[in-house]
2 protein chains.
Amino acid sequence: MEYKISDRIASLKPSAIREILKATAGGDVVPFSAGNPAPEAFPVDDVRKITADILAKDPITALQYGISEGYTPLRETVKKYMSEKHNVVGEDDDIIITSGAQQVIDLASKVLLNEDDVVISESPSFIGALNTFRSYKGRLVGVDVEDDGMNMEMLEDVLKKESRARFIYTIPNFQNPSGITMSWEKRQKLYELAKKYDVLILEDNPYGDLRYTGEDIPCIKTLDTDGRVIYSGSFSKILSPGMRVAFTIANKNLIAKMTVGKQASDVHTPVLNQMIVNEWMNNYDMQGHINKIRENYKARCDLMCSLIDSELGDFVKYVKPEGGLFIWCTLPDNVDMMKFCSTAAQNKVAVVPGTAFMMYPEDRTQCFRLNFSTPTDDAIVKGMKILGEVKKMFI
Amino acid sequence: MEYKISDRIASLKPSAIREILKATAGGDVVPFSAGNPAPEAFPVDDVRKITADILAKDPITALQYGISEGYTPLRETVKKYMSEKHNVVGEDDDIIITSGAQQVIDLASKVLLNEDDVVISESPSFIGALNTFRSYKGRLVGVDVEDDGMNMEMLEDVLKKESRARFIYTIPNFQNPSGITMSWEKRQKLYELAKKYDVLILEDNPYGDLRYTGEDIPCIKTLDTDGRVIYSGSFSKILSPGMRVAFTIANKNLIAKMTVGKQASDVHTPVLNQMIVNEWMNNYDMQGHINKIRENYKARCDLMCSLIDSELGDFVKYVKPEGGLFIWCTLPDNVDMMKFCSTAAQNKVAVVPGTAFMMYPEDRTQCFRLNFSTPTDDAIVKGMKILGEVKKMFI
């Protein structure tokens, strides 16, 4: 039969980018396109021991239905940690445990967006978030990212113009894909503008723990005096993405609505997975593990940057990220970016064309994204040397 | 600040029923209101052993990102099982592993419903499904449930009238809340009508394995020659609901769209959880375990029915279910159903007022729902005796 697909899903079309990445699906491809943690980033022994303990001591809780808000001990643990360590839990705030941080984006959109409402986002931004906003038929308006975060004049212009703006979506730390970290001054300005124009902020912070150089900058949520910031945090990058455990902290009235939304989406996040995270946070060396990941990724990031310098030289511009997983490279104006990426793919190096991260397919960009957490050191060396060869075809 | 909540979520209001159930949240309440599996229904030893094996042999796969369609070996296992055992996998069909069967309902709605599109549902029906349809601003049209399933004349009348009908939602086996099983004749008629009026069918079958008497009736999906049926199956009632692993089988074009929808919802279902289910299906005695659950629940169902007869007698009418978890009781016309339920709650027995399962709050019903899987035998005896006392206040 012929299917009549809803407008919201019909508008999410497979893209040229997917075709390029398909070409690199076989073996023997250098995966600079992914965003997966390194296998060494998983605390396998901890998870093994914790899981055995839980299933020995409290199997029924782990296997029975849970509540939509999340496993109560984990909610308390995360609240305490995020309050003491990051000062992001306001007096009237509450927390839900979600099925990955993707679900925070989904629930915030579900609760806040009517059709044609506007989401203001850094441009470029995380494709998974942009697709979720699109799936609610939100209208995307992009604000350029500078070396220290969103262009604040452009943001204010957008806020002035867009009366249907509902929230500003930002990844302030080591942004995906740009690698940029928003300065403290811009975080304050962003909050001030959100207040002035009465919109919410969705602060997505999956990479916050992965800082390799420089000093931590307080979250935007620390500025939140009137319940304007929805904070999203995740265990995907420090414990395991396959586990699908993340959380959101926001004003309790918003959390109540997001809970209703979650109930209709997947009832609750798996209980065993939540118990594992809770046990890990309370009785294992989470901070030591994070430090190990940081060292590992810092070395890879340094390696990749030094190879960009030696193999690509002036051919690309980039800002060395202070953390996170990605490096954002800009090609010269006279180079066909899509062609560069597809030539790299033909030569068995997968990179993501910048178009993937733009608000609209017609938005021009000369950039592509590199990831350094997925490939091994050897693969980084091999892949960058190949990109150096590809470069020669374009100069 | 004041929040402007989206229309879709603003319309999901807390109800009088929630208030009644709140009154029974304390300890020492007989839980006839829940739908939880009995603790004895979990194959705890199997899960313990399987999980240890997986985390010993293949921890990185378990902890790393997976693909949105689901863990490939599990997809193959379920497809094979559902094909050989239930004959529900058509040549052009495909499968996604979902985060519970609630997510099948969510994804089907996401892919198929525009605002004001119509969902035709058995009335009464599962509140979780109804809320999901509402969360997509679908318009609900109910069709009465008779002792052998939907009233087919009423269904055809609705189909004639509702040109925006997109799909028919049905729980054909041991329906929640009515306990009713749709006859083979009505399943055929339902499919024929769906074809005639060119709508889809969402066949939700979470209780299919829990038959205590009578013969299995083939799924509606077995009749599907033109990709019209979206089948939903779950491991919640035979393995563990806390694990959140379910699946949907449908035409590959629909599955492709649902996969796009899932990516925007939660990226993928946790990998470890999927690996556990796969291992259990392949190398453990799933069928033996299902048989044990059936015996256990059959005894509870028999016990509860005999106590309805002895304690409530002619005061309620009910159809003894051939399986599932619920008994649907109808009070005499002159009894105030809501008052009966709240009096039961005051006397520490929680039952769910039938209103919860109706399309609209103004739909009248004299029914309430009893569950026999959650309470122990002792609790069933105690609770039914209390309901016998409550009855006396109403005659």
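**Entry 1: strands in chain A**

Two strands count as paired if DSSP finds at least two bridges between them. I'm keeping that in mind while I look around this model, which is a predicted one.

I started with strand S8 of chain A, residues 229–234. Which strand does S8(A) join in the antiparallel sense, and over how many bridges? It is strand S9 of chain A (residues 246–251), and the two are joined by 4 bridges. I picked out one bridge here: Ser234(A) has Ala246(A) in S9(A) as its partner.

Then I checked strand S7 of chain A, residues 200–204. S7(A) and S8(A) run parallel, and they pair over 4 bridges. Opposite Tyr231(A) in S8(A) I found Glu203(A).

I wanted to check each face of S8(A): buried or exposed? Val229(A), Tyr231(A) and Gly233(A) sit on one side, Ile230(A), Ser232(A) and Ser234(A) sit on the other, and all of them are buried. I noted the count too: 6 of the 6 residues of S8(A) are buried.

**Entry 2: two domains in chain A**

Next I looked up how chain A is divided. The domain assignment lists domain 1 as 7–42 + 288–392 and domain 2 as 45–283. I wrote down 25 Å for the distance between their C-alpha centres in chain A. Where they touch, domain 1 of chain A puts in 30 residues and domain 2 of chain A puts in 33.

Which elements supply two or more residues on the domain 1 side of chain A? I found H1, helix H12 (286–312) and strand S10 (326–330) of chain A. H12(A) gives the most to that side, with 6 residues. I sorted the domain 1 side by class as well and got 18 nonpolar, 5 polar and 7 charged residues.

**Entry 3: chain A against chain B**

I laid chain A on chain B: a turn of 180 degrees and a shift of 0.0 Å along the axis give an RMSD of 0.0 Å. The two copies are therefore related as by a two-fold rotation axis. The same surface serves both copies, since 100% of the contact residues of chain A recur in chain B. Which residue of chain A comes closest to the rotation axis? That's Ala52(A), with its C-alpha at 3.4 Å.

I then looked at the contact itself, which takes 58 residues from chain A and 58 residues from chain B. Among the elements of chain A that give two or more residues to it are helix H3 (44–57), helix H6 (101–112) and helix H10 (252–266). H10(A) brings the largest share of the chain A side, 8 residues. By class, I have 28 nonpolar, 20 polar and 10 charged residues on that side.

**Entry 4: one residue in chain B**

Last stop was Phe372(B), in the loop between strand S13 (367–371) and helix H14 (377–392) of chain B. Why does Phe372(B) count as buried? The cut-off is 20 or more other C-beta atoms within 10 Å, and Phe372(B) is buried because it has 26 of them within 10 Å. Leaving aside neighbours within four places in sequence, I listed its contacts as Arg300(B), Cys301(B), Met304(B), Leu325(B), Ile327(B) and Ile380(B). I also looked up Gln346(B), which is 26 residues from Phe372(B) in sequence and 20 Å from Phe372(B) in space, C-alpha to C-alpha.

How values were computed:
Residues are numbered from 1 along each chain as its sequence is written. Chains are lettered from A and ligands numbered from 1 in the order in which they are written. This is a predicted model: local features need pLDDT of at least 70, side-chain atom pairs count only at pLDDT 80 or more; totals for chains, interfaces and linings use all residues. Copies are superposed by least squares on the C-alpha atoms of residues with pLDDT of at least 70 in both. Two residues are in contact if their C-beta atoms, placed from the backbone, lie within 7 Å. Ala, Val, Leu, Ile, Met, Phe, Trp, Tyr, Cys and Pro count as nonpolar, Asp, Glu, Lys and Arg as charged, and the others, Gly among them, as polar. Domain bounds come from an automatic or database domain assignment. A residue is buried if 20 or more other C-beta atoms lie within 10 Å of its own, exposed if 12 or fewer, and partly exposed in between; C-beta atoms are placed from the backbone.
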